[in-house]
Amino acid sequence: MTDAIIYLDFASTTPLAADVAAAMHECTAAGNIYGNAASLHPAGRKSALVVDHARQQVATLLNVEPERLIWTSGATESNNLAIQGVARTRQHRGKHLITMLTEHKAVVDTFRALEREGYEVTWLTPGEGGLLAVDGLADAIRADTQLVSIMHINNETGITQNIDELGHICRDRGVSFHVDAAQSTGKVRLDLSDAPIDFLSLTGHKFYGPQGIGALYIADFARAPITPLVFGGGQERRLRPGTLPVHLIVGLGQAAEIAHEQMDSDLRHLTALNQRLWKGIADVADVQRNGSAEHCFPGILNVSVADVNGESLMLGMESICVSSGSACNATSGESSYVLRALGRSDREAGGAVRFSFGRTTTNDDIDAAIERYRYAINQMRSLAPGP
Amino acid sequence: MISKDPYNELVRDCFSDPKHAGDLTNEHQITGVATGAESATGDRLTVTVGIDDGLISVARFRADACPHLIAAAELTCMDLEYQTIGELRDFDPHEIMRRLSVPPEKIGKILVLEDVLATLAQKFELSIQE
């Protein structure tokens, strides 16, 4: 590979923002902040102070009280803590849970594990354009339903669910509502102060913070108690014990502050990039957009062609770092379950490419991606046997 | 350095510049074509050979397939040229797979190549008998 890499995989992870790296470096510099944040001595209190500051930064981003946030290792752990935590705490009341077929693996596999333990899960299918119908959720809720978990922005397609409307259904019916907001936190405005959301998962590395740190928002500890996944100390209200990674927390806090300040300009930038990319590839024969522009987060554009092998397409445009709808490298050999749930065929799902952009993406990056995508499709089609 | 590259250098070379991709362009004393498909993935492969004076003079392929199968088809066509029909029948794609470092989970998908070559050999044997 001699081509320069163009990174268009921001939905997988984002590069660390320079100001975030600087804040973390300052924290870890020798002799600066090293104490255990749970210790009562001055070194520990110094760490606890910066942890508190970071908690306030994240709380400001979500417009909530900082005490509502529990540090975790990322959205996967937050999702597990919320879903398993609620299910186990309330199993004496009922063992029915609800989620969607198009959730991230971190949610899907958690519910699958609970199914193996005897819980009953209703898997809702998306309707037109990938959106979950409010009536569909209302109909699925039963007297023994304990939790509904719906992701905000889909990681593959960018399809954005109306979590406010869905949350009100849950609240009206007395069911806890969890939102996987890994793709939306720091990217779109989230005001949880009056939102009908009981739990919300977020992670730092999706919005220019460090990998390995996230948080779970819990609206009301008393109303919705949860059972911890691990035991071993009193940190984070005993819900997530373990010594806090102070420098990662500082990075997440800084990333949240930057996101809060730059969100509007970030969104305008992403919208322009999305439109530029779609304009550049919309006339490729038989290309389909997975998720309508109207309901999708502009930082993600997922497109499919049915007549090209997805793995070869990815290798053909290798200098452009994107994600594929194909898992052909993996042992499963399965195409994206999310795209198949949207009605795409195996071949369409396998030939899907997810472009995702970010703060540092330029028009030149998009133009290079357009050129490479078109070139790779043409190459693969010229190689193919006749029908 | 980028580690865990799923494709070795030979796969990359064959994929980026498949010299044996395409169709036969000249007349040959005998021509044969066989097509195979992998139902699970929808991958398709066609191999065409031209035979003159008892030897495979040209072999070409077309593929809508993963990089490993494209590379395997390219190497196979290269190796088939100047071979006899008997050698076509005995052609063992496992040596090609070894050279391409095909990962174990993909070997099943590459075996479509074996099916195509077997069909091709069978067609030639039948045409010779006739």
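**Exercise 1. Describe the interface between chain B and chain A.**

Start with area: the two chains bury about 1,900 Å² between them, 52% of it on carbon and sulfur atoms. Buried area here is the accessible area (1.4 Å probe) that two parts lose on being put together, summed over both. Next, contacts (heavy atoms within 4.5 Å). 23 residues of chain B touch 23 residues of chain A. Then count salt bridges (a side-chain nitrogen of Lys or Arg within 4 Å of a carboxyl oxygen of Asp or Glu). One salt bridge joins A:R347 to B:D64, at 2.4 Å, N to O.

This is a predicted model: local features need pLDDT of at least 70, side-chain atom pairs count only at pLDDT 80 or more, and totals for chains, interfaces and linings use all residues. Residues are numbered from 1 along each chain as its sequence is written, chains are lettered from A and ligands numbered from 1 in the order in which they are written, and side-chain values use heavy atoms, leaving out hydrogens and water.

**Exercise 2. Find the buried residues of helix α6 of chain A and what they pack against.**

Helices are DSSP runs of H or I, at least four residues; strands are runs of E, at least two; both are numbered from the N terminus. α6(A) spans residues 163–173. Buried means under 20% relative accessible area (1.4 Å probe, protein chains only). A:I163, A:L166, A:G167, A:I169 and A:C170 qualify. Down the axis of α6(A), they fall within an arc of 155°, so they line one face of the helix. The arc is taken from the directions from the helix axis to the C-beta atoms. Their packing partners are α5, β5 and β6 of chain A. After α6(A) comes A:G174, with a positive phi near 70°.

Methods. Buried < 20%, exposed > 50% of the residue type's maximum accessible area, 1.4 Å probe, protein only.
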